[in-house]
Amino acid sequence: MKIWICIFSIVLIGCAHPSKEAHETKSINEKANHLINETSPYLKQHAYNPVEWYPWGDEALARAKKEDKLLLISIGYSACHWCHVMAHESFEDSTVAALMNKYFINIKIDREERPDIDQVYMDAVQLMNEGRGGWPLNAIALPDGGPLFGGTYFPKDQWLNILKKMGELYPKDKVKAKEFAAKITAGIKSNNQLIQNDDKVLIKEDYLNKTVETWKNSFDSRNGGVKRAPKFPMPNNFEFLLDYGILAQEGELKSHVELTLDKMAMGGIYDQVGGGFARYSVDKVWKVPHFEKMLYDNAQLISLYSKAYRFYKKEEYKHVVTQSINFLQREMKGEQLYYSALDADSEGEEGKFYVWNIEELKEVFNQDFEQFSVLYNINNKGIWEHGNYILQRDKTYDQLTEVERDFLAKANRLLLKKRTKRIRPGLDDKSIVSWNALLLSAYIEAYNAFGDKRYLEEAKWISDNIKESCFKEGKLIRILNKEESTEAFLDDYVFWAEGLIKLYECTFDERYLSEVTKLIEIVDADFSDPSSPMFYYYSERGDQLFHRPKEIMDNVIPSSNSALANVFYRLGIHLGNKVYEEKSKEMLLEVQSSIARYGAGYSNWLRLANNIVYGTNEVVFAGPEAVAYRDEFIKEYSTNIIVGGAEKQSELPLLQNRITEETFIYVCKDGACKLPVQKVEEAFKSIISNLK
């Protein structure tokens, strides 16, 4: 066993990123490998590698077992910069390929197509590397898939050493290899178990208080976000902190959220010229982004900034939402749904599409260059590398004069026009259901904030196209227009269900609630675990990996189980279905003992806890002007609200016996209702009084 443990010391060295001078190579095979018929842009990028890549499937797995060869599983995605670096250094190199082909059955996986496979091998890599992980993810496994070895990026020479050692060791010591893989598998299953909640008491206010007080220790009071680099935008973190700040009347939290949103919007992580956020910032001040742009980030940040606009009323947030939506529609919208990502690189250089040198800027602005330099930090603060500048502001749009705003609007138009002449970053043209569903919700939030009917129509367009193109034979597929597409995962179902509930709450069209009910029936049949209130990530008819995971912790994207718990809660109230409400509470009870350790990793669960601890306001608009009253009411932000309504008679429990020839607004909390009112401002006052 010791010899297998020693191998893993290599991983701890190998996970470091290469220097900028890391060499690139070499040969690209003239003959295609087994990826040639794949539709994923990431897999197609490797179709002419000299490595004999297979997609994940029966052919590769059967060959591994037949020949008793180790699996080499390499996982990445098209916008991943370091994935491209390792591909150029190693996977395009004939010497490396010869070793990989000699000792291994090599499998390439797009993590966005197969997040289920990515999750189980990421768990393995993190277990073997003291919690460290990332992409590219490179794992070596037994022929049956049991994980043996793993890491992220490896420089070519080190990769060659790993391949040789692992390839030569396995035939000599198979028994020990299997024992080691069994220990890793057991460790993964153990790590995925939740802390048992022995008292069975649902979360209380003091528990929330203690969790948030611990969380505050990580706040960066100067730059927003957390005190570390890199800095990731975490939308569901800040939605919870804003809501909790309102409910608990915590001014510090509301100020921290505002500071964070301001700093991100003014920083280099935000594309000042074209709109939209990059994946993350490599530093503590939001200056230098990792330039890839992901649909899921931008969808959630549009939601967050829309909600924040309703509360803070800052023009900065309206600017971010408007410009980011324009970016998505201009650069990532397909004929039926939105695409997944834009690459960090163009012409082989990270960020080249987005940065500027002084000569270019002087050519564009001439005598206005000085004013532009002041507003966008063409100085020591904005300098990056190779004489290039990353545009960032010191003032929010609210602090700018009208003249300065007009100047920046004109400057952005000029630079955007000039940028269109550059070679564009690669586009990953997969359309993923769950990510589009997040954007559906984002458009609803933007409509709530700004009342622009185009946003509502876009939300309907996304939902209609998911239903028409991705809902086949009573089940969802994950990716639009992919032949033999993978069955949808739990997040695909749940995020669409969330969006449908928001569409109902926006339009009062009850067919959306009916569609949610159908989705929940499928989820209950295909993803449930009879021994637990938590749901599996993939259906029982999916590939049976060595471990069937459940997605519990919230990350940049909320976990599918936390999202489902919130869906159960809201749907239960709309339908008067106590079973759904109880399921929601059972799920929260299951996870709540784990929350105190790391509140930021359970923020979407905490949003549900807010509703249970502080109560939920049911705001019902009944009568011929129901939708108009609702649209006026929703412009002001308040939390813990479920909105229902109808212009005509409805059988929904919240609306029974409430429709008359006049429009009334009913405000209830936990079953106790105040007298109906006919003015929106009076209803909002009732909400405010309920917070006290």
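This is a predicted model: local features need pLDDT of at least 70, side-chain atom pairs count only at pLDDT 80 or more; totals for chains, interfaces and linings use all residues.

User: Which residues of H16 are the buried ones?

Analyst: In helix H16, which spans residues 369-376, the buried residues are Phe 369, Phe 372, Ser 373, Leu 375 and Tyr 376. Directly after H16 comes Asn 377, which has a positive phi near 60°.

User: And how do H15 and H17 cross?

Analyst: The axes of helix H15 (residues 358-365) and helix H17 (residues 402-419) come within 11 Å and cross at roughly 120°, so H15 and H17 are oblique to each other. Their crossing is right-handed.

User: What meets what there?

Analyst: From H15, the residues Glu 360, Leu 361, Glu 363, Val 364 and Phe 365 meet Ala 411, Leu 414, Leu 415 and Lys 418 of H17. By class, this contact of H15 with H17 divides into 6 nonpolar, no polar and 3 charged residues.

User: Moving on to H13: how does H11 run relative to it, roughly parallel or roughly antiparallel?

Analyst: The axes of helix H11 (residues 235-247) and H13 come within 9 Å and cross at roughly 20°, which means that H11 is roughly parallel to H13, and H11 passes H13 in a left-handed crossing. The H11 residues involved are Pro 235, Asn 236, Phe 238, Glu 239, Leu 242 and Ile 246, and they meet Gln 300, Leu 301, Ser 303, Leu 304, Lys 307, Phe 311 and Tyr 312 in H13. Sorted by class, the contact of H11 with H13 has 8 nonpolar, 3 polar and 2 charged residues.

User: What about H12 against H13?

Analyst: Helix H12 (residues 251-266) and helix H13 (residues 295-312) have axes that come within 12 Å and cross at roughly 125°, which makes H12 oblique to H13. The crossing of H12 and H13 is left-handed. On the H12 side the contact is made by Lys 254, Val 257, Glu 258, Leu 261, Met 264 and Ala 265, and on the H13 side by Leu 301, Leu 304, Tyr 305, Ala 308, Phe 311 and Tyr 312. The class count for H12 with H13 is 10 nonpolar, no polar and 2 charged residues.

User: Is Val 257 buried or exposed, and what does it touch?

Analyst: Val 257, which lies in helix H12, has a relative accessibility of 1% and therefore counts as buried, the limit being under 20%. Not counting residues up to four places away in sequence, Val 257 touches Phe 238, Leu 241, Leu 242 and Tyr 312.

User: Which residues touch the most other members in the largest nonpolar core?

Analyst: In the largest nonpolar core, which has 212 residues, those touching the most other members are Tyr 121, Trp 159, Tyr 305, Trp 605 and Phe 633. Helix H18 (residues 433-450) gives the most to this core, with 12 residues. A second, separate core of 17 residues includes Val 273, Phe 407, Leu 408 and Leu 415.

User: What is Phe 633 in contact with?

Analyst: Leaving aside neighbours within four places in sequence, Phe 633 is in contact with Val 619, Phe 621, Ile 641, Val 680, Ala 683, Phe 684 and Ile 687. The C-alpha atoms of Phe 633 and Glu 682 are separated by 10.0 Å, and Glu 682, in helix H26 (residues 680-691), is partly exposed, with a relative accessible area of 34%.

User: Now the backbone: which peptide bonds are cis?

Analyst: Among them are the bond from Trp 135 to Pro 136, with omega near 5°, and the bond from Ala 229 to Pro 230, with omega near 0°. Pro 136 is in the loop between helix H7 (115-128) and strand S4 (137-141), while Pro 230 is in the loop between helix H10 (205-216) and H11.

User: And where is Trp 286, with its positive phi?

Analyst: Trp 286, whose phi is near 65°, is in the loop between strand S6 (280-281) and strand S7 (289-290), and at 1% relative accessibility it counts as buried. Asn 640 has a positive phi of about 55° and is in the loop between helix H25 (626-633) and strand S20 (641-646); at 6% relative accessibility, Asn 640 counts as buried.

Methods: Residues are numbered from 1 along each chain as its sequence is written. Side-chain values use heavy atoms; hydrogens and water are left out. Axes are lines fitted to C-alpha atoms, for helices over the stretch in contact, and angles run from 0 to 180 degrees between N-to-C directions. Helices (H or I, at least four residues) and strands (E, at least two) are DSSP runs, numbered from the N terminus. Angles under 35 degrees count as roughly parallel, over 145 as roughly antiparallel, 65 to 115 as roughly perpendicular and the rest as oblique. A crossing is left-handed if the near helix is turned anticlockwise from the far one by less than a right angle, and right-handed if clockwise. Contact means heavy atoms within 4.5 Å. Ala, Val, Leu, Ile, Met, Phe, Trp, Tyr, Cys and Pro count as nonpolar, Asp, Glu, Lys and Arg as charged, and the others, Gly among them, as polar. A nonpolar core is a set of buried Ala, Val, Leu, Ile, Met, Phe, Trp, Tyr and Cys residues joined through side-chain atoms within 4.5 Å. Buried means under 20% relative accessible area, exposed over 50%, partly exposed in between (1.4 Å probe, protein chains only).
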